[in-house]
Amino acid sequence: MTGTCPIPAPAPSPDWRAYAAEIREAVLLKEAARASSRSASQPDDHRADAPRTVSNATPLPLPSLNLRQELLILGLAATLGSRQRLPAELDRGAITILTGLRSELIRDLARLLQLALPEGFCIAKGERDRQQPGTVTVIAPESSLNLRGREELQRNLTAALSSRALVILVLPDEAEVHEILGRQHPPVLPFRLFEGEIIAELLARLHPGTEAAVLREQLPADDQLKEVSMLSLMLALRADSAEGAITLLQQPHRQPTPLQVLEERWGGQRITTVRPEPGAIPLAELAGLDEARDIAVGITEDLRSWAAGTLDWRDVHRGLLIAGPPGCGKTELARAMAREPGIHLEAGSYATWQAAGHLGLMLEAMRESFRRAAAQAPSVLFIDEIDSFGSRVGGRTSRNESYEEKVIGGLLELLDGIGGRQGVVVSTAVQNPATRRGKIRPGGGDRHHGARAH
């Protein structure tokens, strides 16, 4: 056909696999240089004055990368897309945020970033470096982002942003960006790692003769792969064949929480979720609780208003301490609150959470109860016999003092942490607060000040 101009084909987008090959080559060169340096620094003989024959030395074997390095290289290249994308991201907002990376991989990624930067960029090693053009500050928290950890992260980030250096912030998958930077934050790049495209590419590299595209069709969906633990993935990658690895990855690998382990041990019964009892007495009709009942009614009304979007969370009273002798109705009041329409109830106690195992498992069991409550918000989380947690003040002689402090600190973080536990009201029971000086008292909101039922 004459008189027409052919429409040019769109320019192909850079292949992240080629970028991964560049990063991999840079890592191998660095490892080879490090091995050569170590070899040159060692004497050829035990004598200090022995001559060195470097030129006739046996050539060093080529270094190889471990599976974690191979996986991270592929994930980083797929996340950034090309070596040219990073300067554009950095120039656009002077800070780039990588999110969704598992905590155990953050240190490895921070080391890898230097080799993924474009030419002319380097990682700042100190405050003086940050004042030079082309430097990048990498902030990658390796410790848990509890309240103290987040405050430290915010201080480090503030100091980095005050300099001329561009900033890359790496956040673990459990951290929410808005909790660190607020609602208005710079661009975010979700880190691609536990995806079929990435794992298929790694399997094809490990098993020559296989094709990544074919392997990808056999792997589970990405949402299933995201539930695979690092341990399960490493075991699968050690299989004798790509087919064997895929078979292992097709099995469910979500690691159970401490509470789920306990529930399985106790016959599959949910030990924290409390089901409403049909035909039970409504909250407004409970007798003998007076002020406690009225406050509980107000809290459930506030929770429903919050869920409907007509009441701000800061105006909801977020805690209720119910005090009284055994059998006075403390637990029944919490159950009655959960019987109100649209309200969910979770329950826990020191004994229940401690049954999960050692300190780490106990803290995780507490966090799981709060997570369940938040997932079903609006919720009431009832903590029975909260005075069992002990005291952080007073003349303690317990040999388990450090253990108790960590448990109390963990609970306080969940009660008043930076996350705010929106949608979850904590109700606790104690027998006699007058003799429990220094015990934990959950706080309240702007309404129903000082609510405490005796």
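Here is a short chat about a predicted model.

Student: Before we start, what should I know about the model and the numbering?
Tutor: This is a predicted model, where local features need pLDDT of at least 70, side-chain atom pairs count only at pLDDT 80 or more, and totals for chains, interfaces and linings use all residues. Residues are numbered from 1 along each chain as its sequence is written, and side-chain values use heavy atoms, leaving out hydrogens and water.

Student: OK, what's the strand order in the open sheet of 5 strands?
Tutor: The order is β2-β3-β4-β1-β5, with parallel pairing. Strands here are DSSP runs of E with at least two residues, helices are runs of H or I with at least four, and both are numbered from the N terminus. Two strands pair if DSSP finds at least two bridges between them.

Student: And which strands stand at the edges?
Tutor: β2 (122-123) and β5 (188-190); each has a single partner strand, so one side of each is left without a neighbour in the sheet.

Student: How many bridges join β1 to β4?
Tutor: There are 5, between residues 95-101 of β1 and 166-172 of β4. Ile97, for instance, has Leu169 in β4 as its bridge partner.

Student: Switching topic: where's the cis peptide bond?
Tutor: That bond joins Ala377 and Pro378, with omega about 5°. Pro378 is in the loop between α17 (359-375) and β8 (379-384).

Student: What about Glu385, where is that found?
Tutor: Glu385 is in the loop between β8 and α18 (401-416). Its phi is near 50°, a positive value in a residue other than glycine.

Student: Is Glu385 buried, exposed or in between?
Tutor: Glu385 counts as partly exposed, at 26% relative accessibility. Buried means under 20% relative accessible area and exposed over 50%, with partly exposed in between, using a 1.4 Å probe and protein chains only.
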